[in-house]
Structures are given as C-alpha cells and as structure tokens.
Amino acid sequence: MASKSVAKEASEIMLASEMIRLGARLQVLQAETSLSYDRLARLYREVKGCSPPKGMLPFSVDWFMTWLPNIHSSVFHSIYQFMDTRSPAKKSHALVEAYRLYLEQASTGRADEPFGEPVLSFTRAWMLIRFFDSNMVQLSYCERCKGGFVAHAHDPQKGFVCAICRPPPRAGKTRAHAAASTKAAGSAKALLDKEVVAGLTAGKTRRPAKSPTLPVMAEPSPA
C-alpha cells in the first residue's frame, strides 16, 4: 500500500479549511480533496464550531438566470476566468481566490450592511463552474454594453441584452430592500421624535422672561 504524501495531505487540509471558512458544503470538500468524510466532518467542526449541514446541493441552472443572481454570477465567473488563465492559481485554488475577490466587490457600497450574506454563496459558485465544465451554461455577450453574462447553453447570441441594460420592472424591490427601507424610516422617525421631545423639554425648563411693570396711573377726581 503506497503511503500518502504528508505535504499533499497538509495542502489539502489547508485548502479544505479555506473553503469551509468561505461557506463550502461537505459535498464540495469531498469533490475537491481526497480526504475522507470523517476527517472532513471533524475539520468542519474545528473550523466552524458546529456540525456540517445536511441535505442535497442546490442544483438549478435557472437560479443563475434571475436578475440579481445573474449579475453576481457573471461577475464571479469573469474573475474566475482571469484567475484560472492568468495567475498561478488553478482549479480549486483559483476558485477560492476568485470567490475572495468576488466578496470584496460584492461588499463595496454596502456601508449599512457590509457583512451581510452574499447573493452568490460559495457552493453555488462551485456549482456554476461545474455547469460551465458540463456545457450546461454559456457566456452570452450583451449587444449594448458588450459584457459577458451567464446564459443557458445554446441560447442565441444575436440580440442578447443583459440584465443590467434591461432590468425587470421590480428590479431591486426585494424583501431585504423593503425591510432596510422600513428600518431606515423607523430610525429617522425615532430621531425626529427624540429631537422634538428634547425641544419640548428645554422649553418647559426655561423660565419665561419677566414682563416690565408699567406704572399705574391714578384716575382723575371728578370736578
């Protein structure tokens, strides 16, 4: 029985740890490393502090075609293509590095919620790469902005318009956006009420200025 390389095993453990921190499921770790299920489950508990989630992986090509997921998926795939072809990182390592860069870009401009859940999870990003390798999806180029976007395989390229150039009518009106708007309105109302109460309190504690006393004129006596 050939002994396994200690250096290779250590490299796989480091790779699996990075994937777990980014949100990878156990099935993804099994596919990308040669570590046993028991070792991966133990490693997951050490890194995350809880047992790995159970259940099947999300397997839906249509999810990547909806408005916001399509934009985020297209951004991630562009980063992955660059990392895989023009950097020393390849395959799994390119996936990790590309997802890190995607998280940095996705959090830009979200000062109110910088650590919120990303639209594209690590597991869905991994599935997207598998869909491209299986020729289930393709890149279609928008005739307006010329950008490459994820689309169904064998969709016609002519006349394609991306989700950014032609957003749906309810684009951006998600439940999270509505909840954030309600929260902001509530905060503004609470701040306004606080200022009003403070103004009223200051008005009550301030003593009114004394009005000047006018001299009383004596009535003239009748002649």
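User: Hi! Before we start, what do you count as buried, exposed or partly exposed?
Analyst: Buried means under 20% relative accessible area, exposed means over 50%, and partly exposed is in between, with a 1.4 Å probe and protein chains only. This is a predicted model, where local features need pLDDT of at least 70, side-chain atom pairs count only at pLDDT 80 or more, and totals for chains, interfaces and linings use all residues. Residues are numbered from 1 along each chain as its sequence is written, and side-chain values use heavy atoms, leaving out hydrogens and water.

User: Great. Are Phe76 and Tyr102 buried or exposed?
Analyst: Phenylalanine 76 and tyrosine 102 are both buried.

User: How many aromatic pairs are there?
Analyst: The count is eight, where rings of Phe, Tyr and Trp (its six-membered ring) pair if their centres lie within 6.5 Å; planes under 30 degrees apart are stacked, over 60 edge-to-face and the rest tilted. One of them joins phenylalanine 76 and tyrosine 99, edge-to-face at 6.3 Å centre to centre with 70 degrees between the planes. Phenylalanine 76 lies in helix α4 (residues 67-86) and tyrosine 99 in helix α5 (residues 91-106), so this pair ties together parts 23 residues apart in sequence. Helices here are DSSP runs of H or I with at least four residues, strands are runs of E with at least two, and both are numbered from the N terminus.

User: And which residues make up the aromatic cluster?
Analyst: Phe76, Tyr80, Tyr99, Tyr102 and Phe122 form one cluster.

User: Switching topic: which residues does the UniProt "binding site" cover?
Analyst: The unreviewed UniProt entry lists Cys142, Cys145, Cys162 and Cys165. They span 24 residues in sequence, yet no two of their C-alpha atoms are more than 8.3 Å apart, so they gather at one spot. UniProt positions follow the numbering used here, feature names are shortened, and annotations may be inferred rather than shown by experiment.

User: Where is Cys142, then?
Analyst: Cysteine 142 is in the loop between β1 (137-141) and β2 (148-152), and is buried at 1% relative accessible area. Setting aside neighbours within four places in sequence, cysteine 142 has contacts (heavy atoms within 4.5 Å) with Gly147, Phe160, Val161, Cys162 and Cys165.
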